[in-house]
Amino acid sequence: MKRQSRAGQLRGFREHFYRQVIDAQADQPLRVLAYSLVPSTRARPEEDWGTLQAEADQLGYAIAARLHDVAVPVTTTYFPASSASQGVYTPPWDRPGWREAERQLRAGLAGGVLVLDRHNISSDDDEYHAVIKHLGEHCRAFLHLVISEEPVAPT
């Protein structure tokens, strides 16, 4: 039950910054950045662009730029039955494409970032929360997910 509560909290936090940007928006189309985290150098970000473009079109957003990064595993020590033994990727703020997204947001070139799901940002709740907070408070921007936050199914 705690995971569902956390997913709802994260969604509400993300939507809070969305409303702030929308309330401050003039009558022009909202410009967003499309961002994708591809799983390997063989994967092509173009596979995500069609979905992100369709979402932008449906919501009346204009895509200002398309940015992507390749998921790079971080070396971790293996601890049996711990989260450290799971796949861990470079935090968003250490990715060149994400840093460029933040630069463009701070420069006022867009009001938000459009991604497929939260895992393009981070699977870690605290890290994901920190990214949403940073976008809202320091970049005056929001994060929009095509697939909203969902709790992880119990195994």
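What follows is a chat about a predicted model of a protein.

Reader: Among contacts between residues at least 6 apart in sequence, what percentage join residues at least 24 apart?
Author: The protein has 155 residues, and 38% of them count as buried. Once you keep contacts between residues at least 6 apart in sequence, the share that joins residues at least 24 apart is 75%.

Reader: On to helix α2, then. How far apart are its end C-alpha atoms?
Author: Helix α2 covers residues 46–59, which makes 14 residues. At 1.5 Å a residue they should span 20 Å, and the model agrees, with the end C-alpha atoms 20 Å apart.

Reader: How wide an arc do the buried residues of α2 cover around the axis?
Author: The buried residues of α2 are D48, W49, L52, E55 and A56. They sit on the same side of α2, because the arc they cover around the axis is only 135°.

Reader: And which residues are exposed on the other side of α2?
Author: The buried residues of α2 are covered by elements that include β1, β2, β3 and β4. On the other side of the helix, the exposed ones are E47, D57 and Q58.

Reader: Is L52 buried or exposed, and at what relative accessibility?
Author: L52 is in helix α2. Leaving out residues up to four places away in sequence, L52 touches A34, Y35, I63, L114, V115, L116 and V146. L52 counts as buried because buried means under 20%, and its relative accessibility is 0%.

Reader: Now α3. How wide is the arc that holds its buried residues?
Author: Helix α3 runs over residues 96–106, and its buried residues are G97, W98, A101, E102, Q104 and L105. Looking down the axis of α3, you find them lining one face of the helix, so the arc to quote is 165°.

Reader: Which residue with a positive phi follows α3?
Author: After α2 comes G60, with a positive phi near 80°. After α3 there is also a glycine with phi near 80°, and that one is G108.

Reader: What about α4: how far apart are its end C-alpha atoms?
Author: α4 has 14 residues, and at 1.5 Å a residue they should span 20 Å. That agrees with the model, where the end C-alpha atoms are apart by 19 Å.

Reader: Which residues are exposed on the other side of α4?
Author: The buried residues of α4 are E127, Y128, V131, I132, L135 and G136. Seen down the axis they fall within an arc of 170°, so they line one face of the helix. On the other side, the exposed residues are D126 and H138.

Reader: How far apart in space are N120 and Y35, C-alpha to C-alpha?
Author: N120 is in the loop between β3 and α4, and is buried at a relative accessible area of 7%. Beyond four places in sequence, the contacts of N120 are Y35, S36, L37, R95 and V115. N120 and Y35 are 85 residues apart in sequence, but C-alpha to C-alpha the distance is 7.9 Å.

Reader: Which element gives the most to the lining of the second largest pocket?
Author: That pocket has a volume of about 250 Å³ and is lined by 17 residues. The lining divides into nine nonpolar, six polar and two charged residues. Both α1 and β1 supply at least two residues of the lining, but the element that gives the most, with four residues, is α1.

Reader: R140 is in the loop between α4 and β4. What is its phi near?
Author: R140 is one of the residues nearest the centre of the second largest pocket, and R140 is exposed, with a relative accessible area of 63%. Most residues other than glycine have a negative phi. R140 has a positive one, near 50°.

Note on methods
Residues numbered from 1 in each chain as written. Predicted model: local features only at pLDDT ≥ 70, side-chain atom pairs only at ≥ 80, totals over all residues. Heavy atoms only, no water. 1 Å grid on protein atoms, 1.4 Å probe; cavity = no way out; pocket = protein on both sides within 12 Å on 5 of 7 lines; lining within 4 Å. Points joined across faces, edges and corners; volume = space filled by probe spheres on them. Nonpolar A, V, L, I, M, F, W, Y, C, P; charged D, E, K, R; others polar. Expected span 1.5 Å × (residues − 1). Buried < 20%, exposed > 50% of the residue type's maximum accessible area, 1.4 Å probe, protein only. Arc of directions from axis to C-beta. Contact = heavy atoms within 4.5 Å.
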